[in-house]
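Subject: Handover of a structure and its findings

Dear colleague,

Please find the structure below, followed by an account of what was found in it. I would be grateful if you could read the two side by side.

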Amino acid sequence: MKPTDQNKTKKPLTIEQKIKRRNFISFGAFFALGGGAVAGWKWLLNSPEENAGITGGARAPLRRALNKTELFFRNFFSNNHLAKTYPKERAAKIVRVNSLIGIKDDKDFDIKNWKLEVKIDRKESLKISIEEIKALPKTEIVFDFKCVEGWDQIQHWAGVKLSDFLLHYKLDALAEKNYMGLETPNGKYYVGLERDSVLHPQTILAYEMNGKPITNDHGAPLRLIIPVKYGIKNLKRIGVMSFSNQRPRDYWAEQGYDYYSGL
Amino acid sequence: MKEIKEKHALLMRWTHWVNFPVLTVMIWSGLFIYWANDAYGISIFSFTLIKFFPEWFYKYFHIPHRLAEGMAFHFLFMWFFFINGLLYIAYTLFSGAWRELVPKRNSFKEAWQVLLHDLHIRKTTPPQKKYNAAQRIAYSAIILMGAGSVITGLAIYKPVQLYWLCWLCGGYHFARIIHFALTIGYVLFFVIHILQVALAGWNNFRSVVSGFEVIETEPQIREEKTLTANNAENETNGSK
């Protein structure tokens with residue numbers, strides 16, 4: 001084809017035309033995508049709250065994202081990854097009390113009658129006294145307790161390693177289920193924990209704080225200390241322990257927080 | 001005569017404009033999280049100069065009591081922030097565009113000249129290619145800051161599983177402080193950036209949307225060049 005023929009049918013664009021055209025295309029795309037972004041943001045911001053169930057209080061798409069992100073970060077979990085520990089001298093003398101749900105709302109609680117109830121199945125359950133638990137090998141930990149709010153404190157706890165406890169009471173087969181549920185005796189505070197964190201070597205059922213029996217406000221007589229989770233999962237005054245393959249109910253997950261809340 | 005000069009690759013423009021709203025959401029949701037334990041401020045001799053943040057600030061932006069919501073947004077948009085940043089860095093490395101971005105040996109000296117010029121203290125214009133020396137430093141720094149936010153963010157997010165990252169950041173507290181300080185840095189960067197873009201004018205701004213700048217060239221020299229180029233082309237065509 002001769003170049004002259006081409007010139008007749010299609011004149012090359014002048015610089016001005018080229019500039020105009022490229023401005024038009026790029027700014028058109030810019031505003032179209034920008035509009036799309038604004039629409040997407042509005043959709044997310046106004047997206048309906050998830051159906052209240054095991055989890056609740058979050059926008060449905062954000063809850064899906066939290067659950068997906070959990071799955072991703074679970075890949076990094078290992079029993080060899082330990083929370084940093086400190087010498088006892090570093091532990092706080094005055095240990096922070098952040099919440100008393102399940103404790104101050106239980107006026108009838110009598111520590112003398114307390115026994116840990118472990119649900120074996122629908123009918124059967126194990127009742128274990130604090131003396132029996134104290135007779136098991138003791139594990140101490142001084143670690144940096146981390147609150148979901150952002151504060152942290154080095155604290156000194158002692159008790160029985162949860163995995164030791166499960167083995168001793170031959171609950172290890174039951175603990176193979178995906179989750180453990182813990183509740184206060186009055187059922188006002190409750191948490192769910194996935195198996196990996198339950199069996200983590202630093203997870204303990206604690207009955208001592210700073211070398212003395214745990215005080216009432218810190219969850220006497222027995223509480224959970226689980227350094228691989230935020231404080232919200234460190235349930236005070238354990239009443240009932242259960243196992244399931246589905247997520248057990250969880251107090252803060254019902255209020256918009258991540259169910260996993262792992263560190 | 002006008003001429004189109006290509007300046008910013010599509011991917012650079014894309015990541016730039018994606019980053020802006022994503023970072024905004026990260027800062028906004030980050031404030032929800034920070035509010036729950038707003039420990040930071042600047043004080044001299046126990047006299048508080050600045051408290052991060054005063055009550056009126058929280059009130060104005062509706063920050064209080066939104067921790068769970070903040071975390072939910074933060075832990076979704078962190079993915080976009082990370083992927084977008086990674087895209088930019090990968091592109092910049094593999095395309096060779098880093099050569100025009102990373103500061104050179106004389107950049108720090110030249111950046112001083114840019115500063116004096118911008119403050120109208122010096123008249124002479126410092127050398128300006130795609131980026132001038134001050135831009136090289138600022139835009140490289142902002143990328144490093146972004147990486148810093150990801151690293152310190154992960155250190156706070158998973159301090160047990162990613163304990164080595166937490167250690168690398170100087171521990172949980174220090175990681176949180178850096179994470180916060182970097183955010184303040186973004187806001188300061190933003191203010192100066194907007195000011196500079198406004199002063200630089202339309203041609204410069206357009207290049208970050210459409211990719212090109214329009215430059216004025218001397219017409220005669222240009223035309224001669226194109227003529228000889230055409231001739232050369234015809235000749236080679238003829239010989240074949």
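**The interface between the chains**

Chain A and chain B bury about 3,600 Å² between them, and 70% of this lies on carbon and sulfur atoms; buried area is the accessible area (1.4 Å probe) that two parts lose on being put together, summed over both. On the side of chain A, the residues that lose the most area to chain B are A:Arg22, A:Phe73 and A:Leu263, together 16% of what that side buries. The contact (heavy atoms within 4.5 Å) takes 42 residues from chain A and 42 residues from chain B.

Please note that this is a predicted model, in which local features need pLDDT of at least 70 and side-chain atom pairs count only at pLDDT 80 or more, whereas totals for chains, interfaces and linings use all residues. Residues are numbered from 1 along each chain as its sequence is written, chains are lettered from A and ligands numbered from 1 in the order in which they are written, and side-chain values use heavy atoms, with hydrogens and water left out.

Three salt bridges are counted between chain A and chain B, a salt bridge being a side-chain nitrogen of Lys or Arg within 4 Å of a carboxyl oxygen of Asp or Glu. In one such pair, A:Arg22 is joined to B:Glu6, with the closest N and O atoms 2.7 Å apart. Helix H2 (15-45), helix H3 (60-74) and strand S3 (139-146) of chain A are the elements that give two or more residues to the side touching chain B. The largest share of that side, 13 residues, comes from H2(A). Helices (H or I, at least four residues) and strands (E, at least two) are DSSP runs, numbered from the N terminus.

**Salt bridges overall**

Over all chains, the structure holds 16 salt bridges. Within chain A, A:Arg74 forms a salt bridge with A:Glu70, the closest N and O atoms being 2.8 Å apart. These two residues, A:Arg74 and A:Glu70, are four residues apart in helix H3 of chain A and are therefore separated by about one helical turn.

**The sheet of chain A**

Chain A has an open sheet of five strands in the order S2-S1-S10-S5-S6, with mixed pairing; two strands pair if DSSP finds at least two bridges between them. Strand S2 (125-128) and strand S6 (190-194) of chain A stand at the edges with a single partner strand each, so one side of each is left without a neighbour in the sheet. S1(A) and S2(A) form a hairpin with five residues between them, and they pair in the antiparallel sense over four bridges. A:Glu117 has A:Lys127 as its bridge partner in S2(A). By contrast, strand S1 (residues 116-119) and strand S10 (residues 240-244) of chain A run parallel and are joined by two bridges, with A:Val118 partnered by A:Met241 in S10(A).

**Annotated regions**

The UniProt positions below are given in the numbering used here, with feature names shortened, and the annotations may be inferred rather than shown by experiment. In chain A, UniProt places a "transmembrane region" (unreviewed entry) at residues 24-44; that span is 100% helix and 0% strand, and its end C-alpha atoms lie 30 Å apart. In chain B, the UniProt annotation "domain: Cytochrome b561 bacterial/Ni-hydrogenase" (unreviewed entry) covers residues 8-206. Over residues 8-206 of chain B, the chain is 70% helix and 5% strand.

With kind regards
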